[in-house]
Amino acid sequence: MIGRPDSPYAQGPTVSAFQPPPGDDPRLPPATGPGNALLKTIVRHSIEDRPSRRAGRFLASVAVAALIGLGAGVGVASLFGTPGHGPQADLAAGTPLPLDAGADDNTLADADADTGDGEKLADDSADPTVEPPAPEDIAAGQAEHEVVSVEQGDTLMSILTEAGLDRTEAYEVVEILRPLFNPRDLRVGQELTIVLAPATAADDENLPRLAELAFDTDVDRRVRVTRGTDGQLSAAEERTELTVALTRVIGTIDDSLFASAGRAGLPPAVTAELIRMFSYDVDFQRDIQPGDHFELLVERHQDPDGRTLKWGDILYAKMILSGDDLPIYRHIPGDDKIPDFFNPKGESVRKALLRTPIDGARISSGFGMRRHPVLGYSKMHKGIDFAAPTGTPILAAGDGTVDKIGRAGSYGNYIRIRHDGRYSTAYAHLSRFAKGLKPGSRVRQGQTIGYVGTTGRSTGPHLHYEILAAGAQVNPQGVKFQSGRKLAGKELASFNARKREIDRLLAETPVQSAMAAPGPDKKPAP
């Protein structure tokens, strides 16, 4: 077998091109033989005169026709040659035929004649005997490697079939993977590496087969489906060993908590959790002033090279607002095993209702009389408006049951949640609702129930939020919510021990950022 010089496959014997006698043009046919003089003249004319492409094609056709004519004439002459001459007479006389007969004889070697190296020429019959090709003579196909990013509406099944697998094999892959990964957990933007082996003659419908499927389910976990040498598929998980390191972050708020926390090195997810922790007691629109501070002790999960792959739990956080300290500690009570945050007295920060059921929004309109932006006259505004981009998640202000959900006139898309016998909360102008919600659905505090929009009588994307007491709208900022759980006895003693441990860790952990840099248009607080 003859391969490319750079081919990984075996190289066959080198075949040298025929070398013409000295002085003869290799591009011309031999000068001897019937009709070859005319053919040689035609070819020389095409070489030396270099006619146009159309003329060249015409001359080439003439040359081919001449060759065909010569072949036919030689065949007939050989078949009906004069007695005593030609290959038949030579065979009868026992004279061996040469392998490469001269052009003057126009004869061919016998199909079974020995080449001199113990090899015989191949039979040129119409139905020759064909032996199966040797494995080394089959060119190996190239595996197809593809990285697919999950899009809205994709399923693992649809991704595999679109990559080229038939439905039967795609279903087999999904089922083999199911013990390690629920296909419903596939996320938009998640990347899947798919390697397909080229189809072989034995494959049904000539479709490719899966060689490998791999993707990350978390920063420290990867699942992989591979095909073994026996042709069977198997699934396995790969984990990266992570270590937990503590980071202490201190920053000054110059503009917004989100921006200042980002400059201090905190990712958005940690900042959002910080806001949720303090949202029961802090109005992030009115209570925060330039020069206020924040402090955190937070976990970071690192790989063996020391790179942070993900952030962990906040163990401690403190807001210093207008000189007042608000420290809180993470603790898991021994009775219910539910993590919560407590102040130094062992009182849970969790209240019955959140003051701000949306992250990172600003109050665009408060409770009370105002000139209506659409109607153009003064009208009582019986809620608080939070301006935020369309699609921003809206959180349930507290545990409760969905009382109403759907379209509600000027409110647009509307949800009302009943929390107890006295309080309810309402959310209006939503772009869409969270999946699975209906009247009677139970929701938990902080659960996403919908997304900011501008449906109904609205001039722009925002959340209209109401608190209802005994069925009447009240000012959310004036409601005094009951405190959460207060630890006592053994639970309080356990919390105090945990608090002392966190205080020790806080003192031992160096500060990552002593002061967050101010924004480009801000001056440092005095």
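1. Two strands pair if DSSP finds at least two bridges between them. In this predicted model, strand 9 (residues 324-331) and strand 10 are joined in the antiparallel sense over 3 bridges. His 331 has Asp 340, in strand 10, as its bridge partner.

2. These strands belong to an open sheet of 5 strands, arranged in the order 6-7-8-9-10 with antiparallel pairing. Strand 6 (243-252) and strand 10 (340-342) are the edge strands, each pairing on one side only. From one strand to the next, the twist averages 30°.

3. Two helices lie across this sheet. Helix 8 (residues 489-508) lies across strand 6, strand 7, strand 8, strand 9 and strand 10, at about 110° to strand 9.

4. The largest nonpolar core contains 51 residues, of which Phe 278, Phe 294, Met 319, Tyr 427 and Ile 449 touch the most other members. Helix 7 (residues 268-278) supplies the largest share of this core, 5 residues. At least three residues of the core come from each of domain 2 (243-351) and domain 3 (362-480).

5. Leaving aside residues up to four places away in sequence, Met 319 touches Ile 253, Leu 257, Phe 278, Phe 284, Ile 288, His 293, Phe 294, Asp 324, Asp 325 and Leu 326.

6. Across the whole structure, a search finds 7 aromatic pairs. One of them, formed by Phe 342 and Phe 495, is tilted, with 5.7 Å centre to centre and 55° between the planes. This pair links distant parts of the chain, since Phe 342 lies in strand 10 and Phe 495 in helix 8, 153 residues apart. Both Phe 342 and Phe 495 are buried. Ring pairs also link Tyr 316, Tyr 329, Phe 342 and Phe 495 into a cluster.

7. Why is the pair of Tyr 427 and Tyr 465 tilted? The ring centres of Tyr 427 and Tyr 465 are 5.6 Å apart and the planes are at 35°, so the pair is tilted. Tyr 427 in strand 18 (residues 423-433) and Tyr 465 in strand 21 (residues 462-469) are 38 residues apart, and the pair links distant parts of the chain. Tyr 427 has a relative accessible area of 0% and is therefore buried; Tyr 465 likewise counts as buried, at 0% relative accessibility.

Terms used
Residues are numbered from 1 along each chain as its sequence is written. This is a predicted model: local features need pLDDT of at least 70, side-chain atom pairs count only at pLDDT 80 or more; totals for chains, interfaces and linings use all residues. Side-chain values use heavy atoms; hydrogens and water are left out. A nonpolar core is a set of buried Ala, Val, Leu, Ile, Met, Phe, Trp, Tyr and Cys residues joined through side-chain atoms within 4.5 Å. Buried means under 20% relative accessible area, exposed over 50%, partly exposed in between (1.4 Å probe, protein chains only). Helices (H or I, at least four residues) and strands (E, at least two) are DSSP runs, numbered from the N terminus. Domain bounds come from an automatic or database domain assignment. Contact means heavy atoms within 4.5 Å. Axes are lines fitted to C-alpha atoms, for helices over the stretch in contact, and angles run from 0 to 180 degrees between N-to-C directions. Rings of Phe, Tyr and Trp (its six-membered ring) pair if their centres lie within 6.5 Å; planes under 30 degrees apart count as stacked, over 60 as edge-to-face and the rest as tilted.
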